[in-house]
Amino acid sequence: MKFIIVFVALFAVALAAPRPEDAVILKSESEVGPESYQYAYETSDGNKAEEEGHLENVGTDDEAIVVKGSYSFVADDGQTYTVNYVADKNGFQPQGAHLPVAPEA
């Protein structure tokens, strides 16, 4: 009988625990063209991102897309983390206060 009482009590506590709400989109923008694009969004749970990209050296053998952007999120520890990045012919290059930095050569 004690087992049932404990089980029911734990079940009631689990049901009463606050549940995270579904995130709501607060902002959503995008623009796409033949040689460039950009987008941005923000949600009610603290997540946000923005990015823009464009073609460089159009019509040549060195044609490539260059992307710049950032994203932020709220982690389980309650802190907001932001990553700024560039992606180009040198690869993906993220920067953020929480990211490790390689020593200079």
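Is Y39 buried, exposed or partly exposed? In this predicted model, Y39 has a relative accessible area of 32% and is partly exposed.

The protein contains one helix and six strands. Of the 105 residues, 12% count as buried. The accessible surface comes to about 8700 Å², and carbon and sulfur atoms account for 56% of it. Among contacts between residues at least 6 apart in sequence, 10% join residues at least 24 apart.

The six strands form an open sheet in the order β1-β2-β3-β4-β5-β6, with antiparallel pairing. At the edges stand β1 (25-32) and β6 (91-95); each has a single partner strand, so one side of each is left without a neighbour in the sheet. On average, neighbouring strands of this sheet are turned by 10° against each other, with direction ignored. In general, the strands of a sheet pair through backbone hydrogen bonds, and the pairing may be parallel or antiparallel.

Two of the pairings can be followed residue by residue. Strand β2 (residues 36-43) runs antiparallel to strand β3 (residues 48-56), and seven bridges join them. Within this pairing, A40 has E50 in β3 as its bridge partner. Towards the other end of the chain, strand β5 (residues 80-88) pairs with β6, again in the antiparallel sense, over five bridges. A hairpin of two residues joins β5 to β6, and D88 stands opposite G91 in β6.

The loop between β3 and β4 holds N57. Its phi is near 55°, a positive value in a residue other than glycine. Most residues other than glycine have a negative phi. N57 is partly exposed, with a relative accessible area of 44%.

Is S72 buried or exposed? Its relative accessibility is 11%, and because buried means under 20%, S72 counts as buried. Leaving aside neighbours within four places in sequence, S72 is in contact with G46, N47, K48, T80, Y81 and T82. With T82 there is also a polar contact between the two side chains, at 2.8 Å.

How many aromatic pairs does the structure hold? There are five. One of them joins Y39 and Y41, whose rings lie 6.5 Å apart centre to centre with 5° between the planes. This pair is stacked, because planes under 30 degrees apart count as such. Y41 is partly exposed, with a relative accessible area of 37%, and Y39 is likewise partly exposed, at 32%. Elsewhere, Y71, F73, Y81, Y85 and F92 form one aromatic cluster. One of these residues, Y81, is also among the contacts of S72.

Note on methods. Residues numbered from 1 in each chain as written. Predicted model: local features only at pLDDT ≥ 70, side-chain atom pairs only at ≥ 80, totals over all residues. Heavy atoms only, no water. Phe/Tyr/Trp six-rings, centres within 6.5 Å; stacked < 30°, edge-to-face > 60°. Buried < 20%, exposed > 50% of the residue type's maximum accessible area, 1.4 Å probe, protein only. Polar contact = N/O pair within 3.5 Å; in protein donor to acceptor, adjacent residues only side chain to side chain. Contact = heavy atoms within 4.5 Å. Helix = DSSP H or I, 4+ residues; strand = E, 2+ residues; numbered from the N terminus. Areas by Shrake-Rupley, 256 points an atom, 1.4 Å probe, with all protein chains shown as cover. Pairing = 2+ DSSP bridges. Axes fitted to C-alpha atoms, helices over the stretch in contact; angles between N-to-C directions.
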